[in-house]
Amino acid sequence: MNKKIGAFLACAFLTASVAACSGVSTGATNTQSGDKTITVATVAGYDDTVAVTGLWQELLSEHGYTLQTKQVDLAAGFSAVARGDLDGYLNAWLPSTHGTYVDKYKDQLQILDQPFFANDRLVLVAPKSVPENTISEVVQNAAKYDSKIIGIEAGSGEMKLLPDVLKKYAASDKLNIVAGSTPATLAALKDAAAKDKPLVATLWTPHWAFSQLPIKVLTDDLGAWPKPDGSYMVLSKKFAAKDPEVVKWMSNMKITDDQFASLMLASSEAKDPVAGAKKWLETPANRQAADSWFK
């Protein structure tokens with residue numbers, strides 16, 4: 001686990017650069033010519049999306065398909081899906097977190113009717129060792145936290161919503177938002193927890209970090225964050241029309257809180273997301289659930 005977070009930190013600047021420079025202009029799927037290749041967007045550091053995508057890479061390979069990924073900036077990813085240059089994004093948080101991206105292109109997107117997971121929450125977190133348990137208490141002790149919030153990627157939906165959350169707490173001039181990356185945020189939380197150092201950061205649930213690091217969710221006592229989102233598969237209309245069977249399989253996906261958390265943990269501990277998915281599928285209940293999506 002320590003090695004994993006260290007690797008995340010070492011790669012933070014590299015992955016940010018790759019995501020920022022990714023050009024997405026190539027055609028994605030060739031299923032119309034018999035080549036069962038699907039290409040979907042993924043974002044560096046988005047551990048839940050990486051884990052879900054790795055799971056579908058493994059499952060679709062079992063059914064004769066090849067699922068490829070293209071690492072992109074989130075906004076560029078949704079734009080590419082809308083154009084049909086990419087076939088989809090497998091973990092859009094709706095209606096709130098990714099709503100601005102999806103609404104912009106909704107006429108060109110196929111959003112599956114039901115979420116495969118319905119309890120995505122945006123949160124602020126801190127080491128368990130600090131006495132503050134609510135966002136209001138952190139705001140009241142802002143100086144103790146160096147008057148800053150350590151944030152994830154600047155283009156993320158969470159970071160776009162965070163300024164409004166601070167306004168609700170009258171904290172816009174008390175806590176400065178420091179954008180960074182998810183790997184860097186996790187490394188900062190690990191370091192702060194080890195040193196019993198006050199630190200407040202952005203994260204989301206479910207996430208593997210809560211089972212591996214001594215951190216806690218700060219209670220949103222003023223209800224500033226949006227209500228929990230659902231995780232939706234968002235596909236290009238071009239792809240949905242070409243391969244309705246895959247769309248049907250994806251529509252059948254349903255996953256519990258415990259299954260989602262364990263999938264992310266398996267992905268984070270493995271050498272790659274597909275290896276993590278294979279490990280996760282070794283649990284009979286997980287395999288039974290996944291197989292049911294293809295019936």
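## A walk through the predicted chain

Thr 42 lies in strand S1, which covers residues 37-42. Setting aside neighbours within four places in sequence, Thr 42 is in contact with Thr 49, Val 50, Thr 69, Lys 70, Gln 71, Val 72 and Tyr 89.

### The chain as a whole

Stepping back, the secondary structure amounts to 13 helices and 10 strands. The chain has 295 residues, and 52% of them are buried. Among contacts with a separation of 6 or more, 82% are between residues 24 or more positions apart.

Helix H2 runs over residues 47-61. Its 15 residues reach 21 Å from the first C-alpha to the last, close to the 21 Å expected at 1.5 Å a residue. How many residues of H2 are buried? The count is 12 of the 15, so H2 is largely enclosed by the rest of the structure.

Helix H11, residues 257-269, has 13 residues and spans 18 Å between its first and last C-alpha, close to the 18 Å expected at 1.5 Å a residue. Its buried residues are Gln 259, Phe 260, Leu 263, Met 264, Ala 266, Ser 267 and Ser 268.

Two packed helices are described by the angle between their axes and the distance between the axes. The table sets out two such pairs.

| Helix pair | Axes come within | Crossing angle |
|---|---|---|
| H2 and H11 | 9 Å | roughly 85° |
| H11 and H12 | 7 Å | roughly 130° |

Take H2 and H11 to begin with. Their axes cross at roughly 85°, which makes H2 roughly perpendicular to H11. On the H2 side the contact is made by Asp 47, Asp 48, Val 50, Ala 51, Val 52 and Leu 55, and on the H11 side by Phe 260, Leu 263, Met 264 and Ser 267. Sorted by class, this contact has seven nonpolar, one polar and two charged residues.

Now for H11 and H12, where H12 covers residues 273-281. With axes crossing at roughly 130°, H11 and H12 are therefore oblique to each other. The crossing is right-handed. H11 contributes Gln 259, Ser 262, Leu 263, Ala 266 and Ser 267 to the contact, while H12 contributes Pro 273, Gly 276, Ala 277 and Trp 280. The residues of this contact divide into five nonpolar, four polar and no charged.

### Tyr 169, a buried loop residue

Where does Tyr 169 sit? Tyr 169 is in the loop between helix H6 (157-168) and strand S7 (176-178). A relative accessible area of 7% puts Tyr 169 under the 20% cut-off, so Tyr 169 counts as buried. Leaving out neighbours within four places in sequence, Tyr 169 is in contact with Ile 135, Ser 136, Val 139, Thr 219, Asp 220, Asp 221, Leu 222, Gly 223 and Ala 224. Tyr 169 and Leu 222 are 53 residues apart along the chain, yet their C-alpha atoms are separated by 7.4 Å.

### Backbone details worth a look

Two proline bonds deserve a click in your viewer. The peptide bond from Leu 94 to Pro 95 is cis, with omega near 15°, and Pro 95 lies in the loop between strand S3 (88-94) and helix H4 (99-105). Thr 205 and Pro 206 are also joined by a cis peptide bond, with omega about 0°. Pro 206 is placed in the loop between strand S8 (201-205) and helix H8 (209-212).

Two residues other than glycine have a positive phi. Ser 147 has phi near 55° and sits in the loop between helix H5 (135-140) and strand S6 (148-150). At 24% relative accessibility, Ser 147 is partly exposed. Asp 196 also has phi near 55°, and Asp 196 is found in the loop between helix H7 (182-194) and S8. Is Asp 196 buried or exposed? Its relative accessibility of 54% is over the 50% cut-off, so Asp 196 counts as exposed.

Key: Residues numbered from 1 in each chain as written. Predicted model: local features only at pLDDT ≥ 70, side-chain atom pairs only at ≥ 80, totals over all residues. Heavy atoms only, no water. Helix = DSSP H or I, 4+ residues; strand = E, 2+ residues; numbered from the N terminus. Expected span 1.5 Å × (residues − 1). Buried < 20%, exposed > 50% of the residue type's maximum accessible area, 1.4 Å probe, protein only. Axes fitted to C-alpha atoms, helices over the stretch in contact; angles between N-to-C directions. Parallel < 35°, antiparallel > 145°, perpendicular 65-115°, else oblique. Left-handed = near helix turned anticlockwise from the far one by under 90°. Contact = heavy atoms within 4.5 Å. Nonpolar A, V, L, I, M, F, W, Y, C, P; charged D, E, K, R; others polar.
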